[in-house]
Amino acid sequence: MSAFEILRFAFRGLFINRLRTFLTVLGITIGVASVIILLAVGNGSSKAIQASLDRLGTNSLQVRSGGQGFGFRARASANTVKPLTILDTVALTDKTQAPDIKQVAPIASTNGTCVVGANTTTPSTFYGTWPAYYEASNTSIQKGSYFTNDDVTQARRVALIGQTTATALFGTANPIGQTMKCSGIQFTVIGLTTVKGSSGFQDGDSLVLIPITTMENTITGNQPLNDILVEATKSTTTTAAQTELTAILDARHGITGRKTADFSVFNQASLLTTASTSSQTFTTLLGMVAAISLLVGGIGITNIMLVTVIERTREIGIRKAIGAPKGAILSQFLIEATILSLLGGILGVVVGFIGSHFTIAGTKPVIVPASVFLAFGVSILIGVFFGGYPASRAASLRPIEALRYE
Amino acid sequence: MAAVLEAVDSVVDKQPVIEVKDAVKRYGTGDASIFALNGVSLTIEAGEYVAIMGPSGSGKSTLMNILGALDVMTSGQYFLDGIEISSMDENHLSIVRGRKIGFIFQSFNLIPRTTALANVELPMAYQGVKPKERRERALVALDVVGLGDRIDHEPTELSGGQQQRVAVARALATRPALLLADEPTGALDSKSTADLLDLFDQINAAGRTVVVITHEDEVAHRAKRIVRMRDGKIISDELNKERVA
């Protein structure tokens, strides 16, 4: 008996039992597709968390004047606190001492009210800085242009404003090129920053950014810096960058031995750790759900395959009685099981891919390639094993026993 | 009819088709064991038409299963067409069944949802007969049993008598040394029974060895030799005087 003949028998068997074939394929399809989609949703939401973390700027560090902690010790050392200065900022850009620091931006902050005609607003963030700030703080503009290093050196009266500030001052009109008065000084708005959304209590779009030189010359005078914003080369080098900047500032501020540092460093990496832990928990949870659904799907396949073979035990008996060798029967059932599993598996992958194109529960699913192979592989293994094993048992029966089966 | 069968037929050997020596089939062990066959010896020559009779529990069905290589005996020897098959394993037995025996069952045992033609072709497919030859032989066999116009019907579309004739065609098409029928008329009405028995007569007249297991006198009396069984033993074995001069 040729392999082609057995293949023909297998296809015939599948075609004759159309409804059963359809239901089996459907079961496998749903099992495979659900695993793929479920894991894609988990992965997608994990990716979304990662992306929003990246937007926060996980590789940025913030240096603030003053010791870590509050209370007696902090007050006791207050006399010796050296303020953070532009020179400190420049020192941190030394590539040999701080190879893991990409760029550094000083932040001078003030409180002021901005006025255009009858409209007034008090931006929650009113910073003087320089262009390195954009990348270190993940600030970009949606309209207009950034102020440049040239604007900083020339101390031009230009400003970038956030969406909230723009709406408060200009309504729906285009703010680019307009002028506004902040703390009594007239500025030309040259850029509108991309909407950031609010982070906690603060509206990230209630924002005015001006060159630090302009701020010192016109509003605040030569006051110490509030912060220095430091961007590490990568999120993985944040800790190294922190060590380097601490060493540089320790040296500059004369911090040695037991002397408490007069500055503090805030590290976004700790936030990253917390967030990635929770996202890992989430993915593990979804993975477990997927594993259970694969298991349930597998039991479904097993069940259908067992029933299929048991239902056809008598047919196997007839085939054996008229001279079918065990191998021919086993091959036929194995091929039937393989075709069913393959068909179901492929359809499941297709449905999984299609389903992953839709936004599910507010999450854009991102397919995990391993889940596709896992679901496909497991369903085929289960299908072939549980189709093959009972078939092998039935094919080994004496025909008289198989024929007695009703 | 005879000419047609000859076209289907192979050379009939001179040695006995069936030679059973001291067949024992025991179910269970120890005191609780039951002897379904208790020392049966039987020789059937080529071209014979034998009926094996007996009430239920006499062991005739067990004998039929052993003659048909569907079951193995506990002890004893069985030569089918000169080949000892009592020591064969199941895989070899299935080949022997396919090549040497044509079965006709009480419950027809056709493959469901499969046409008459495909059913008749099936045993030849397992034997490795080429598709073209298979088709020709199946068509001839279906013609012999008078179902040449029903080849595309599935079992559910055929009457009991017609299904049994498909089974006969399936058995004939493989050119077996032995045609083995187990209560072939058990599920048939009297008209179909008469038709089937006429068919058996013709098949035997064409030189084919036919063994029928039955409990119906009407069926047994069409055979040329009647073997009666009781309690796992042969109690009589004689020629049928009505049929053999």
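# Notebook: a look through chains A and B

I began with what covers the buried residues of helix α8 of chain A: the cover includes α4 (86–91), β2 (101–109), β5 (125–129), α6 (149–153), β9 (185–193) and β12 (207–211) of chain A. Before going on, I noted that this is a predicted model, where local features need pLDDT of at least 70 and side-chain atom pairs count only at pLDDT 80 or more, while totals for chains, interfaces and linings use all residues. I also noted that residues are numbered from 1 along each chain as its sequence is written, that chains are lettered from A and ligands numbered from 1 in the order in which they are written, and that side-chain values use heavy atoms, with hydrogens and water left out.

**Entry: helix α8 of chain A**

Which residues of α8(A) are buried? I found A:Ile212, A:Thr214, A:Met215 and A:Glu216 in this helix, which spans residues 212–220. Buried means under 20% relative accessible area, exposed over 50%, and partly exposed in between (1.4 Å probe, protein chains only). After α8(A) comes A:Gly221, with a positive phi near 75°. Helices (H or I, at least four residues) and strands (E, at least two) are DSSP runs, numbered from the N terminus.

**Entry: both chains in outline**

I counted 14 helices and 14 strands for chain A, and 8 helices and 10 strands for chain B. Of the 406 residues in chain A, 46% are buried; for the 245 residues of chain B the share is 54%. Then I looked at contacts, meaning heavy atoms within 4.5 Å. Among those in chain A with a separation of 6 or more, 79% are between residues 24 or more positions apart.

**Entry: helix α12 of chain A and its partners**

At what angle do α12(A) and α13(A) cross? The axes of α12 (residues 326–355) and α13 (residues 369–396) come within 8 Å and cross at roughly 160°. That makes α12(A) roughly antiparallel to α13(A). Their contact has 15 nonpolar, 9 polar and 1 charged residues. Here Ala, Val, Leu, Ile, Met, Phe, Trp, Tyr, Cys and Pro count as nonpolar, Asp, Glu, Lys and Arg as charged, and the others, Gly among them, as polar.

Next I checked α1 (residues 3–16) of chain A: its axis and that of α12(A) come within 8 Å and cross at roughly 55°. That makes α1(A) oblique to α12(A). The residues of this contact divide into 10 nonpolar, 3 polar and 1 charged. Angles under 35 degrees count as roughly parallel, over 145 as roughly antiparallel, 65 to 115 as roughly perpendicular and the rest as oblique.

**Entry: the nonpolar cores**

A nonpolar core is a set of buried Ala, Val, Leu, Ile, Met, Phe, Trp, Tyr and Cys residues joined through side-chain atoms within 4.5 Å. In the largest one, of 53 residues, A:Val63, A:Met180, A:Val230 and A:Leu245 touch the most other members. Leaving out residues up to four places away in sequence, A:Met180 touches, among others, A:Val115, A:Ile161, A:Phe187 and A:Val208. Another core, of 50 residues, lies apart from it and includes A:Ala391, A:Ala394, B:Val17 and B:Val96.

**Entry: B:Gly161**

Is B:Gly161 buried or exposed? B:Gly161 counts as buried because its relative accessibility is 12%. I located B:Gly161 in helix α6 (residues 160–173) of chain B. Beyond its neighbours within four places in sequence, B:Gly161 is in contact with B:Leu188 and B:Ser192.

How values were computed:
Axes fitted to C-alpha atoms, helices over the stretch in contact; angles between N-to-C directions.
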